[in-house]
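Please open the model in a viewer and keep the sequence at hand.

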Amino acid sequence: MSQNPSTPSIATPTGSAYARLLSVGSYRPERVVMNDELVEAIDSSDQWIRERSGIVSRRWAATDESVTDMAENASRVALERAGLSPADIDMVLVATVTHPYQTPSSASLLAHRLGSTPAAALDISAACAGFCYGVSLANDMIRSGSARHVLVVGVEKLSDFIDLHDRSTAFIFGDGAGAVIVGPSDTPGIGPTVWGADGSQWDTIVNKSSWIEYRDTEGAEWPALKMAGQAVFRWAVWQMAPIAQKALDAAGVAAGDLAAFIPHQANARIVSAMVKQLGLPDHVPVSYDIEQSGNTSAASVPLAMDRMLEEGSAPHGGLALLIGFGAGLTYAAQVVELP
Ligand SMILES: CC(C)(COP(=O)(O)OP(=O)(O)OC[C@H]1O[C@@H](n2cnc3c(N)ncnc32)[C@H](O)[C@@H]1OP(=O)(O)O)[C@@H](O)C(=O)NCCC(=O)NCCS
């Protein structure tokens with residue numbers, strides 16, 4: 001239908017040509033939980049956990065430490081490193097599946113606590129892919145002109161949703177927060193995101209019950225996460241390397257040009273299998289933050305990124321391939337220039 005000539009046309013904003021990660025910050029809770037603390041309840045051993053998952057220890061938040069508390073700590077570091085004030089942020093995206101309120105969002109409270117109000121704010125529920133989803137949304141918002149500086153946080157308190165007697169999850173999950181500031185750039189700093197979801201596997205990583213079932217079923221168990229470990233493992237190993245390759249191709253970057261590979265930290269064996277399938281040359285450093293962090297879902301990629309930059313195993317300004325994948329099932333991969 002053609003527009004009526006008397007109808008004024010709608011003004012639309014023009015964004016920045018490109019966007020990039022301006023900074024990263026992270027927060028790891030104080031308490032270190034070693035494998036030995038968990039093995040008795042699941043009839044396991046430190047050796048089994050190390051060999052089958054690569055995990056040596058993970059961090060658990062304190063009882064009175066919330067998802068929003070951890071997100072605030074990581075965000076303040078990222079803001080300081082970007083040289084920005086909270087008022088410069090006009091969009092707050094918090095990727096999490098463990099903020100224990102259906103509503104309101106953690107993002108809304110975080111924006112208020114930081115002093116970023118009236119920034120728009122919302123939580124992203126895309127599990128372990130949530131942070132990479134957020135980076136993609138931030139990139140698109142900045143390029144389209146709907147935001148100038150976006151705070152993207154990946155944060156989880158998975159210790160609240162663990163069944164300590166469940167052999168497939170008790171030892172895997174950890175807590176923490178990672179945050180990036182995404183802002184305008186004169187040169188391309190975030191490549192095209194290859195992303196998607198496969199709801200046919202909705203029940204492979206899922207809460208044990210809905211809130212309604214929990215309320216209405218007598219003697220119902222707390223809806224901790226449960227996971228079909230082998231099914232998820234196979235999916236990750238066989239389906240995620242091709243997604244990572246597509247993200248490299250879409251960005252026009254060869255594996256050998258990477259300064260770092262920062263995949264979601266689900267299992268060290270999954271990371272190694274992806275490295276092999278991608279044919280990553282030995283000179284490309286790969287994150288194995290899972291050793292000390294376990295699987296922190298949405299927080300895992302920014303936590304791993306910050307560790308690599310702090311330890312100097314990845315260079316500031318180098319190209320990194322990111323990929324997140326998990327419950328949904330969801331996935332997202334992109335090449336970024338490291339802050
Ligand atoms: C959970 C996971 C580590 C289990 O490892 P696995 O090698 O697949 O283990 P399996 O379930 O095949 O079990 C292998 C054996 O170990 C035993 N086992 C399982 N869990 C165990 C545990 N915690 N401790 C000791 N033994 C265990 C099993 O009973 C089985 O014994 P059997 O061979 O005598 O029958 C692995 O499946 C995994 O990492 N999955 C994906 C994780 C992931 O990606 N999560 C989410 C993405 S966000």
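Begin by selecting Val-182, which lies in strand β7; helices (H or I, at least four residues) and strands (E, at least two) are DSSP runs, numbered from the N terminus. The model is a predicted one, in which local features need pLDDT of at least 70 and side-chain atom pairs count only at pLDDT 80 or more, whereas totals for chains, interfaces and linings use all residues. Residues are numbered from 1 along each chain as its sequence is written, and side-chain values use heavy atoms, with hydrogens and water left out.

Val-182 is buried, its relative accessible area being 0% (buried means under 20%, exposed over 50%, partly exposed in between, with a 1.4 Å probe and protein chains only). Now display its contacts, defined as heavy atoms within 4.5 Å. With neighbours within four places in sequence left aside, the partners of Val-182 include Leu-21, Leu-22, Ile-142, Val-150 and Ile-190.

Next, select Thr-169, in the loop between β6 (150-157) and β7 (175-185). Is Thr-169 buried or exposed? Thr-169 is buried, with a relative accessible area of 1%. Beyond its neighbours within four places in sequence, Thr-169 is in contact with Ile-162, Asp-163, Leu-225, Lys-226 and Met-227.

Turn to helices α6 (residues 229-251) and α7 (residues 268-278), which pack at an angle of about 40° with axes 9 Å apart. Axes are lines fitted to C-alpha atoms, for helices over the stretch in contact, and angles run from 0 to 180 degrees between N-to-C directions. The two helices α6 and α7 are therefore oblique to each other; angles under 35 degrees count as roughly parallel, over 145 as roughly antiparallel, 65 to 115 as roughly perpendicular and the rest as oblique. Among the residues making the contact are Phe-233 and Met-240 of α6 and Ile-270 and Met-274 of α7.

Finally, colour the largest nonpolar core, which has 53 residues; such a core is a set of buried Ala, Val, Leu, Ile, Met, Phe, Trp, Tyr and Cys residues joined through side-chain atoms within 4.5 Å. Met-240, Phe-261 and Met-274 are among the residues that touch the most other members. Helix α6 gives the most to this core, with 10 residues. Centre on Phe-261: not counting residues up to four places away in sequence, Phe-261 touches Met-274, Leu-280, Leu-321 and Ile-323, among others. A second, separate core of 36 residues includes Ala-126, Ile-142, Val-150 and Ala-298.
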